[in-house]
Amino acid sequence: MINEKIRKAFNEQINHELFSAYLYYSMAAYLHSIGLDGMAQWMHVQVLEEMLHAQKFFDHIVERDGKVELEAIEKPQLEWISALEVFQAAYKHEQFISGRINDLMKLSREENDYASQGMLQWFVDEQVEEESSTSKIARQLELIGETGNALLMLDKELGARAYKPPQATGE
Ligand code: OFO
């Protein structure tokens with residue numbers, strides 16, 4: 001049985017993960033609106049990954065006989081000034097999520113919840129990847145600027161990203 005403090009904190013994290021999906025959906029819509037369909041595709045894959053993150057917390061609560069309680073999802077930002085600003089914002093958001101995951105790990109240690117720590121370690125590793133990918137794209141956009149062939153080439157490259165469904169292990 002999951003302890004009440006952890007159950008509440010994980011419920012809140014489901015909301016953060018669903019908001020992440022919603023934010024990246026909004027970023028995809030903006031990127032489509034300025035003609036960068038490849039970068040929008042990259043964001044669509046990110047949306048699916050965020051849904052999977054929410055599902056992992058949902059499943060963990062249910063498997064340990066807890067009740068999931070969903071809250072309203074905040075409205076995301078709708079406009080940015082450039083693709084660079086989008087990816088800088090995505091990087092900043094991922095840093096915020098890493099902080100949340102670290103707080104959850106700290107709580108699960110204080111509560112001696114070893115089952116949660118195992119699950120959260122997957123997220124600790126995932127956040128290293130999420131911060132790295134968004135920061136790398138933001139740095140590339142800083143280098144190449146807002147227009148020109150290099151921007152279109154990066155757009156094409158990012159458009160090749162495909163969603164990889166989780167393995168049978170549940171990860
Ligand atoms: Fe982007 O890692 Fe979940 O929120």
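Visitor: Which residues in the largest nonpolar core touch the most other members?

Guide: This is a predicted model. In its largest nonpolar core, which has 26 residues, Met27, Leu31, Met39, Met43, Val86, Phe87 and Leu141 touch the most other members.

Visitor: And which elements give two or more residues to this core?

Guide: Those elements are helix H1 (4-33), helix H2 (37-63), H3, H4 and helix H5 (149-158). H1 gives the most, with eight residues.

Visitor: Take Met39. What does Met39 touch, leaving out residues up to four places away in sequence?

Guide: Met39 touches Leu31, Ala83, Phe87, Leu141, Leu151, Leu154, Asp155 and Leu158. Of these partners, Leu31, Phe87 and Leu141 are also named among the core residues that touch the most other members.

Visitor: What about a second core: which residues does it include?

Guide: A second, separate core has 18 residues, and Phe57, Leu107, Met119 and Leu120 are among them. As a general point, nonpolar side chains tend to be buried together in soluble globular proteins.

Visitor: Let us stay with Phe57. Where does it lie, and is Phe57 buried or exposed?

Guide: Phe57 lies in helix H2. Its relative accessibility is 0%, so Phe57 counts as buried.

Visitor: With which residues is Phe57 in contact, neighbours within four places in sequence aside?

Guide: Phe57 is in contact with Phe10, Gln13, Ile14, Glu17, Ile101, Leu104, Met119, Leu120 and Phe123. Met119 and Leu120 belong, like Phe57, to the second core.

Visitor: Now the helix packing. At roughly what angle do the axes of H3 and H4 cross?

Guide: The axes of helix H3 (residues 83-110) and helix H4 (residues 114-144) cross at roughly 160 degrees and come within 8 Å. Because of that angle, H3 is roughly antiparallel to H4. H3 passes H4 in a left-handed crossing.

Visitor: How do the residues of that contact divide by class?

Guide: The contact of H3 with H4 has 15 nonpolar, ten polar and five charged residues.

Visitor: And H1 with H4: within how many Å do their axes come?

Guide: The axes of H1 and H4 come within 13 Å and cross at roughly 20 degrees. These two helices are therefore roughly parallel to each other. Their crossing is left-handed.

Visitor: Which residues make the contact between H1 and H4?

Guide: H1 contributes Ile6, Phe10 and Glu17, while H4 contributes Ser116, Met119, Leu120 and Phe123. By class, there are five nonpolar, one polar and one charged. Several of these residues, including Phe10, Glu17, Met119, Leu120 and Phe123, are also in contact with Phe57.

Visitor: What is the crossing angle for H2 and H5, roughly?

Guide: The axes of H2 and H5 cross at roughly 30 degrees and come within 7 Å. This crossing is left-handed. Here Asp37, Gly38, Met39 and Trp42 in H2 meet Leu151, Leu154, Asp155 and Leu158 in H5. The contact has five nonpolar, one polar and two charged residues.

Visitor: A charged residue next. Is Arg7 buried or exposed?

Guide: Arg7 lies in helix H1 and is buried, with a relative accessible area of 9%. Residues up to four places away in sequence not counted, Arg7 touches Ile2, Ile61, Gly66, Lys67 and Glu69.

Visitor: Finally, the backbone. What is the phi of Asp65, about?

Guide: Asp65 has a positive phi of about 60 degrees, although it is not a glycine. Most residues other than glycine have a negative phi. Asp65 lies in the loop between H2 and H3, and its relative accessibility is 58%, so Asp65 counts as exposed.

Visitor: And where is Asn112 found?

Guide: Asn112 is found in the loop between H3 and H4. Asn112 has a positive phi of about 55 degrees, although it is not a glycine. At 51% relative accessibility, Asn112 counts as exposed.

Technical notes. Residues are numbered from 1 along each chain as its sequence is written. This is a predicted model: local features need pLDDT of at least 70, side-chain atom pairs count only at pLDDT 80 or more; totals for chains, interfaces and linings use all residues. Side-chain values use heavy atoms; hydrogens and water are left out. Axes are lines fitted to C-alpha atoms, for helices over the stretch in contact, and angles run from 0 to 180 degrees between N-to-C directions. Helices (H or I, at least four residues) and strands (E, at least two) are DSSP runs, numbered from the N terminus. Angles under 35 degrees count as roughly parallel, over 145 as roughly antiparallel, 65 to 115 as roughly perpendicular and the rest as oblique. A crossing is left-handed if the near helix is turned anticlockwise from the far one by less than a right angle, and right-handed if clockwise. Ala, Val, Leu, Ile, Met, Phe, Trp, Tyr, Cys and Pro count as nonpolar, Asp, Glu, Lys and Arg as charged, and the others, Gly among them, as polar. A nonpolar core is a set of buried Ala, Val, Leu, Ile, Met, Phe, Trp, Tyr and Cys residues joined through side-chain atoms within 4.5 Å. Buried means under 20% relative accessible area, exposed over 50%, partly exposed in between (1.4 Å probe, protein chains only). Contact means heavy atoms within 4.5 Å.
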